Amino acid sequence: MPNTTVATAMLIIMFFGFIFLRMPIAYAIGVASVITMMYLQLPLMQVVQLMVKGVFSFSLMAVPFFIVSGEIMGKGGISDKLIELSDALVGWIRGGLAMVNIVASLFFGGISGSSAADTASLGTILIPMMVKQGYDDDFSTDVTMASSVEGILIPPSHNMVIYSTVAGSVSVGRLFLAGFAPGVCLGVVLMIYSYYISVKRNYPKGTPFNVKHLLKTAGSAVWGMFTVMIVVVGVVAGIFTATESAAIAVDWSLIVSFFIYRKMNFKDFWQVLENALNTLAIVLILISTSSAFGWLLTYLKVPAMISGAILGFTTNKYLILIMMNILMLIFGTMMDMSVIILVLTPILLPIATQIGIDPVHFGVIMITNLGIGLVTPPVGSTLFIGAAISKIPLERLSKSMLPFYVCMLVVLIIVTYIPAFCMTLPNLIMPVMG
């Protein structure tokens, strides 16, 4: 008879071993799952069935639509409009371009829902612009990367959709609302630190504040921002499901890009579809193989073992939250965000609910943790994009990011230990019916 302890060790050791050997994570998960199932003498057809089941979800259809919508709006001139609006709002402050960068990320993140897309789109414009105006190149890159994490918290976020699917009966609308305050809080904390550095290093101010200019730029940018309204208001009000609202957002973003901003042509549209397809292929194969991997973890009772180990060590809610945060931060530096959501949610969510953490609150804690991982070596995808744009070595960039890591950890602590910070908005607008 196969030994479940041996099977558990095989699954975990092979998974990390394949990653260490630089095998793509999706294949590492799939191959480890197949070999472990062979050892357990389970039918291999079950692997295929589990992989298909993993992506056979109506809710998950929102993910490709959000990705396409973000790509369209990034290519269709929305970045320029948001930068103009942000400059009119905060460009007059000392270190104005740093403030513009952070506020633009708040707006753009609400459209793309992607840290990498935010950095790639805004960074190519703002990093050279900041350096030209006298900002240090590492600071310009750091503030771009750190502020891009706002995008995965401000709705719509396709990672929240993935978490909602894995977690079960967690409302996407409540998750979207719960992400607002943490996303804005991160922006405010980054602005405070950026202002301090700007005064210390005597970075320049922008153009003086002008109400007429602000209203003009807001009127121009509102067409793109309306995409966010369609998604968030539609889902929260119960008019659309997340999938339906994402599909409508794609239609609206096409109208804006082609006929209002007129910054996109059919050649650009095919490029958008190609970029979206590349991203989607990675996401879906990760979801499918992780479905088999997650089923195996449950079959081998790994979540129950980890839960028993943690609760056997301590029943103190705050210590358990610290342990889970440390675990997610460590995983966040090593693996892709969607993989960690798929693997860790079935393990950690039962522990969180057992100590009285709302699944929506835990989802925001997880997303915040993993957002920090996106800008942290050795595997932070956003960190690589920032380095590629600025041509700064990763070692130097990682060192200069240290104060920004502190800023993000401050927000993580607030999100973790003050539940009302996340939950007030969803509880007011979308209360759970008892």
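This is a predicted model: local features need pLDDT of at least 70, side-chain atom pairs count only at pLDDT 80 or more; totals for chains, interfaces and linings use all residues.
## The core

Start with the largest nonpolar core, which holds 140 residues. Within this core, Met-324, Met-328 and Phe-362 have the most contacts. Among helices, H17, spanning residues 337-354, gives the most to the core, with 12 residues.

Met-328 is a handy place to look at the packing. Leaving out residues up to four places away in sequence, Met-328 touches Leu-344, Leu-348, Phe-362, Ile-365, Met-366, Asn-369 and Leu-370. Leu-344 and Leu-348 fall within the residue range of H17. Phe-362, one of the residues with the most contacts in the core, is also on the list of residues that Met-328 touches.

## Helix H16

H16 runs over residues 317-332, 16 residues in all. From first C-alpha to last, H16 reaches 22 Å, close to the 22 Å expected at 1.5 Å a residue.

Which residues of H16 are buried? They are Ile-320, Leu-321, Met-324, Asn-325, Met-328, Phe-331 and Gly-332. These residues cover an arc of only 135° around the axis, so they sit on the same side of H16. As a rule, an α-helix has 3.6 residues a turn, so residues three or four places apart point the same way. The cover over the buried residues of H16 includes helices H1 (4-20), H15 (302-313), H17, H18 (359-374) and H21 (402-417).

Ile-322 also belongs to H16, but it isn't in the buried set: its relative accessibility is 39%, so it counts as partly exposed. The C-alpha of Ile-322 is 9.8 Å from that of Tyr-417, even though the two residues are 95 apart along the chain.

## Helix H17

H17 is largely enclosed by the rest of the structure, because 14 of its 18 residues are buried. Its end C-alpha atoms lie 24 Å apart, which agrees with the 26 Å that 18 residues should span at 1.5 Å a residue.

Where does H17 bend? The bend is at Thr-345, by about 50°, and a proline, Pro-346, follows within four residues. After H17 comes Gly-356, with a positive phi near 90°.

## Ser-33 in helix H2

Ser-33 sits in helix H2, residues 25-39. Is Ser-33 buried or exposed? With a relative accessible area of 1%, Ser-33 is buried.

Setting aside neighbours within four places in sequence, Ser-33 is in contact with Leu-11, Thr-289, Ala-292, Phe-293 and Leu-296. Of these, Leu-11 falls within the range of H1.

## Two positive-phi loop residues

Most residues other than glycine have a negative phi. Asn-202 has a positive one, about 60°, although it is not a glycine. You'll find Asn-202 in the loop between helix H11 (172-201) and helix H12 (211-236). At 56% relative accessibility, Asn-202 counts as exposed.

Lys-391 also has a positive phi, near 65°, and is likewise a residue other than glycine. Lys-391 lies in the loop between helix H19 (381-390) and helix H20 (394-400). Its relative accessibility is 69%, so Lys-391 counts as exposed.

How values were computed:
Residues are numbered from 1 along each chain as its sequence is written. Side-chain values use heavy atoms; hydrogens and water are left out. A nonpolar core is a set of buried Ala, Val, Leu, Ile, Met, Phe, Trp, Tyr and Cys residues joined through side-chain atoms within 4.5 Å. Buried means under 20% relative accessible area, exposed over 50%, partly exposed in between (1.4 Å probe, protein chains only). Contact means heavy atoms within 4.5 Å. The expected span of a helix is 1.5 Å times one less than its number of residues. The arc is that of the directions from the helix axis to the C-beta atoms. The bend at a residue is the angle between axes fitted to the seven residues ending there and the seven starting there.
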